Amino acid sequence: MPYTTGDQPTAPAPGTYAIDAGRSKIAFTTRHFFGLGAVHGTFALASGQVNIAAEPTQSSATAVIAADSFTTDSGTRDKVVRSSKYLDTATHPHITFASHTVQDTGTGYVLRGELTVKATAQPVELTVEQPEYGTDGIRFRATTRIDRYAFGITVDKGMTARHLTLSLDILAVPATGNTLGE
């Protein structure tokens, strides 16, 4: 799926874009077993939206992540992480993000906002690459580092790493009445 600016304007049209949950991905990496083993996994997006402003730094984004979508290569680990010991997905089924500022870095953007996990909101910064867009939407790629202790998830110190690095690959499609590149 190519994303080029060939015959299109230099920026996507201002408006509201819905995150296409089925064609978006949140991957993470962390460590376990006293930092010796790498853990790779994913979360699934439930929904979200991106509001593109005429001035890019006035844009905003929200996202809802299905907490019980946490998956790695270990079913046993996944069950424990979904349990009340870690994410408590039965009580807190969603992880949410809402931005409040966008900073243009010249090569991309820094999106600042709040991430809420288990009813605890903490500030987070996403480093966003220059967005790419095509006829089917806008592709955003971003990374951030999350400290699970900041959200009160402090169990298994030593066995489970404190930090997770998240890599987001998000496709946002024009919402009804909004067309790309007009």
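Setting aside neighbours within four places in sequence, Ser-99 is in contact (heavy atoms within 4.5 Å) with Ser-60, Ala-61, Leu-111, Arg-112 and Gly-113. Keep in mind that this is a predicted model, where local features need pLDDT of at least 70, side-chain atom pairs count only at pLDDT 80 or more, and totals for chains, interfaces and linings use all residues. Residues are numbered from 1 along each chain as its sequence is written, and side-chain values use heavy atoms, with hydrogens and water left out.

So where does Ser-99 sit? Look in strand E5, residues 94–104. Strands here are DSSP runs of at least two E residues, numbered from the N terminus. Ser-99 counts as buried because its relative accessible area is 15%; buried means under 20%, using a 1.4 Å probe and protein chains only. Its side chain also reaches the backbone nitrogen of Ala-61 at 2.9 Å.

Now for the strand pairs. Two strands pair if DSSP finds at least two bridges between them. Here's how E3 (residues 37–52) links up:

| Strand paired with E3 | Bridges | Direction |
|---|---|---|
| E1 (residues 15–19) | four | antiparallel |
| E2 (residues 25–32) | seven | antiparallel |
| E4 (residues 60–71) | eight | antiparallel |

Tyr-17 stands opposite Val-50 in E3, while Arg-31 has Ala-38 in E3 as its bridge partner. Over towards E4, Ala-44 stands opposite Ala-66. When you trace any of this by eye, remember that side chains in a regular strand alternate between the two faces of the sheet.

Key
Buried < 20%, exposed > 50% of the residue type's maximum accessible area, 1.4 Å probe, protein only. Polar contact = N/O pair within 3.5 Å; in protein donor to acceptor, adjacent residues only side chain to side chain.
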